[in-house]
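Reader: I am new to this structure. Please pick one spot in the backbone and look at it closely. Then lead me on from there to other places, step by step.

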Amino acid sequence: MTKVVIIGGGPGGYEAALVAAQLGADVTVVERDGIGGSCVLTDCVPSKSLIATSTRTTYVRESAELGIHIPEAEAEGCVPAVEVDIHQVNGRIKRLARAQSDDTRARLIKEGVEVVSGEARLVDPHIVAVGERRVHADVVLLATGAHPRELPTAKPDGERILTWRHLYDLEELPERLIVVGSGVTGAEFASAYQALGSDVTLVSSRKLVMPTQDSDAAEVLEDVFARRGMTVLSQTRAESVVRTEDGVRVTLSDGRTVDGSHCLMTVGMIPNTDGLGLEEAGVRLGDGGFVEVDRVSRTTVPGVYAAGDCTGVNMLASVAAMQGRIAMWHALGEAVAPLQLSTVASTVFTHPELAAVGVSEDDIRSGRVDGRVVTLPLNTNPRAKMNEVRDGFVKLICRQHTGIVLGGVIVGPRASELILGVSIAVQQRLTVDDLAHTFSVYPSLSGSVTEAARSLMLASPE
């Protein structure tokens with residue numbers, strides 16, 4: 001029986017453990033904080049739970065457009081008053097996270113996986129130390145995750161200067177929240193806290209928020225942010241953040257200062273690779289301390305694999321889970337396809353949501369890919385009209401001559417769910433003709449996906 005030791009119990013670790021157990025291996029998972037790791041306990045699950053609350057508040061505020069009125073809270077012509085009990089919200093979030101962690105731990109134990117609490121390190125490629133205990137392994141998987149990057153001039157204190165892992169301990173809703181960093185994490189929290197009732201200022205070093213995303217999508221979201229009262233300070237950086245008597249002061253690279261009650265730092269991630277004995281065991285680390293892996297999750301040491309944020313390949317829970325599964329399939333002799341990043345779907349959980357997969361429009365415009373693009377605004381979709389949805393679009397990209405679906409972008413309600421159809425098309429190399437001949441429900445937002453496919457099917461190549 002093959003002995004597998006997995007260091008880290010997040011998605012990359014626990015999904016790998018389930019695969020390895022299914023294939024008959026003797027599996028041990030070592031986790032220092034709790035099964036589910038940061039993803040479940042402090043990052044993805046808590047943040048999306050917070051966003052679920054913030055989305056509901058937006059629906060309440062905009063309910064008058066659908067003829068729903070709240071007399072006790074609404075004066076004539078005014079937006080309904082919505083009060084958020086952040087203590088109750090955060091309590092619910094932490095209970096959900098802990099319940100998810102407990103459920104995942106129970107599943108592992110039921111499948112015969114040994115779960116060990118503690119700090120692990122490699123003694124050599126086949127021995128993992130957990131305190132005084134030595135666990136021998138035929139296969140080791142590193143799935144240790146990452147933690148928020150901190151700036152020396154903006155050290156978090158957990159009270160006023162925060163990382164997102166401090167948010168769920170706040171007793172009061174931040175009155176004036178300054179979010180530094182306009183990537184996915186910064187945009188999600190800025191959107192959420194603006195909806196919850198905070199006065200939000202978002203500091204962005206680029207011309208548009210979310211510079212790695214589709215530029216049309218970023219423009220839509222930035223317009224929504226501004227319309228809902230958010231201040232976006234573009235093309236400037238935070239040089240320092242300091243405590244003041246009753247809050248914080250952020251000094252920007254252009255010389256301006258911004259005062260707020262709290263500052264949330266979202267400036268990247270650092271891999272959890274220090275103190276694990278990796279380099280001593282021969283595991284090569286790349287730029288920033290990330291573990292170097294190939295497309296089947298192998299490190300530079302035979303029998304040692306790595307998955308998830310510690311590899312820096314693509315910091316998504318879905319990617320971590322797939323890397324972990326691939327590692328076990330490969331290590332235990334199963335047929336396996338290498339990781340294909342071109343088929344990874346991603347979502348920004350703002351309101352509206354942004355989801356994307358595959359080739360981008362920029363790839364087409366630059367000539368890197370020979371393809372065609374169509375964009376349909378959601379405000380022409382009948383289901384969107386019924387729900388007073390005005391912001392968003394469906395963008396579909398196909399190969400120029402064959403019509404094979406290469407990618408897509410969706411901005412709108414539940415875009416994270418709607419993108420699945422496009423993801424299947426990309427993964428299975430379906431054509432726009434295949435999508436166009438597929439029934440969609442009427443009325444539905446997904447109908448815009450098939451409509452976009454029909455537009456591309458009929459379009460003549462230039």
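Author: First, a term. Helices here are DSSP runs of H or I with at least four residues, and strands are runs of E with at least two; they are numbered from the N terminus. Bear in mind that this is a predicted model.

Start at Met210. Met210 sits in the loop between strand 11 (199–203) and helix 6 (215–227). Its phi is positive, about 50°, although Met210 is not a glycine. Is Met210 buried or exposed? Its relative accessibility is 1%, so Met210 counts as buried. The cut-off for buried is under 20%.

Exposed means over 50%.

Next come two cis peptide bonds. One joins His351 and Pro352, with omega at about 5°. Pro352 belongs to the loop between strand 19 (345–348) and strand 20 (353–358). The other runs from Tyr442 to Pro443, and its omega is near -5°. Pro443 is found in the loop between helix 11 (432–436) and helix 12 (447–458).

From the backbone, turn to side chains. Lys395 is part of strand 22 (residues 393–399). Lys395 counts as buried because its relative accessibility is 1%. What does its side chain meet in a polar contact? The partner is the side chain of Asp216, at 2.8 Å.

Glu159 lies in the loop between strand 8 (146–148) and strand 9 (161–162). Its side chain reaches that of Arg243 in a polar contact of 3.3 Å. Along the chain, Glu159 and Arg243 are 84 residues apart, yet their C-alpha atoms are separated by 9.8 Å. With residues up to four places away left out, Glu159 touches Leu170 and His262 as well as Arg243.

Last, the helix pairs. Two packed helices are described by the angle between their axes and the distance between the axes.

Take helix 1 (residues 11–22) and helix 4 (residues 86–110). Their axes are 10 Å apart, at an angle of about 25°. Helix 1 and helix 4 are therefore roughly parallel, since that label covers angles under 35 degrees. Their crossing is left-handed. Helix 1 brings Tyr14, Ala17 and Leu18 to the contact, and helix 4 brings Thr104, Arg107 and Leu108. By class, that contact has four nonpolar residues, one polar and one charged.

Then see helix 3 (residues 44–61) and helix 5 (residues 184–196). Their axes come within 8 Å and cross at roughly 45°. That makes the pair oblique. This crossing, too, is left-handed. On helix 3, the contact includes Ser47, Lys48, Leu50 and Ile51. On helix 5, Glu188, Phe189 and Ala192 are among the residues that take part. By class, this contact counts seven nonpolar, five polar and three charged residues.

Methods:
Residues are numbered from 1 along each chain as its sequence is written. This is a predicted model: local features need pLDDT of at least 70, side-chain atom pairs count only at pLDDT 80 or more; totals for chains, interfaces and linings use all residues. Side-chain values use heavy atoms; hydrogens and water are left out. Contact means heavy atoms within 4.5 Å. A polar contact is a pair of N or O atoms within 3.5 Å; within protein, one must be able to donate a hydrogen and the other to accept it, and residues adjacent in sequence count only if both atoms are side-chain atoms. Buried means under 20% relative accessible area, exposed over 50%, partly exposed in between (1.4 Å probe, protein chains only). Axes are lines fitted to C-alpha atoms, for helices over the stretch in contact, and angles run from 0 to 180 degrees between N-to-C directions. Angles under 35 degrees count as roughly parallel, over 145 as roughly antiparallel, 65 to 115 as roughly perpendicular and the rest as oblique. A crossing is left-handed if the near helix is turned anticlockwise from the far one by less than a right angle, and right-handed if clockwise. Ala, Val, Leu, Ile, Met, Phe, Trp, Tyr, Cys and Pro count as nonpolar, Asp, Glu, Lys and Arg as charged, and the others, Gly among them, as polar.
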